[in-house]
Amino acid sequence: MISEKVHDWLQLVGMAAVVASLVFVGLQIKQSDEIAMVELLDSSAVRNLELNALRANHADIWQRACWGDELSPSEKVVASSIYFSFVSNNWNAWARARATGYGLAESKYFTDRIAANIHRYPGLRKIALSYKDWRSNTSELDSEYMPVFQEAIEDRLAELEKIDPNPEYDVMWCGNQ
């Protein structure tokens with residue numbers, strides 16, 4: 001009888017230990033997820049600051065590129081580099097939003113931002129079309145999400161054409177995050 005009580009108590013203590021260890025593991029996973037999210041947000045902020053610095057350091061070229069003014073070959077390289085950084089930042093944020101479960105509504109923000117800039121600034125549209133043409137003629141392998149990303153941008157561009165057929169926006173906002 002005493003050994004049965006001891007056995008019952010030992011089982012109860014064992015179950016409590018298992019539950020406690022599961023709670024501890026759950027807390028560790030939650031903490032790890034929170035740390036990872038903060039690190040993602042921090043790296044995103046750094047990329048945005050770098051893009052803003054790139055735009056500011058080459059503001060004259062970037063503004064002329066956004067309006068569609070004629071650029072020298074070296075200025076085209078600068079403008080296309082800024083455009084590529086802008087699209088890459090938004091692609092990374094879009095893919096991260098989808099991968100982390102934030103959903104379509106949150107990821108839509110990033111494709112809408114690209115579409116709005118392409119729609120509002122004729123020179124940026126020209127760069128975007130040139131980049132699209134270049135990508136279609138390369139052997140670059142896209143991830144499975146790239147067509148979804150591109151389609152979302154094109155869908156929003158079509159909507160913007162209907163909503164705002166003659167956009168005129170201040171060039172200082174071109175490529176703004």
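Does Leu 71 count as buried or exposed, and at what relative accessibility?

## Leu 71

At 11% relative accessibility, Leu 71 counts as buried (buried means under 20% relative accessible area, exposed over 50%, partly exposed in between, with a 1.4 Å probe and protein chains only). You'll find Leu 71 in the loop between helix 2 (59–67) and helix 3. Leaving aside residues up to four places away in sequence, Leu 71 touches Ile 61, Arg 64, Ala 65, Lys 76 and Ala 79 (contact means heavy atoms within 4.5 Å). Take Ile 61: 10 residues separate Leu 71 from Ile 61 in sequence, and their C-alpha atoms are 7.7 Å apart.

## About the model

This is a predicted model, where local features need pLDDT of at least 70, side-chain atom pairs count only at pLDDT 80 or more, and totals for chains, interfaces and linings use all residues. Residues are numbered from 1 along each chain as its sequence is written, and side-chain values use heavy atoms, with hydrogens and water left out.

## The whole chain

The protein chain has 6 helices and 0 strands (DSSP runs numbered from the N terminus: helices are H or I, at least four residues, and strands are E, at least two). Of the chain's 177 residues, 28% are buried.

## Helix 3 meets helix 6

Helix 3 (residues 73–99) and helix 6 (residues 146–163) have axes that come within 11 Å and cross at roughly 110 degrees (axes are lines fitted to C-alpha atoms over the stretch in contact, with angles from 0 to 180 degrees between N-to-C directions). On helix 3, the contact uses Val 87, Asn 90, Trp 91, Trp 94 and Arg 98, while helix 6 brings Met 146, Val 148 and Phe 149.
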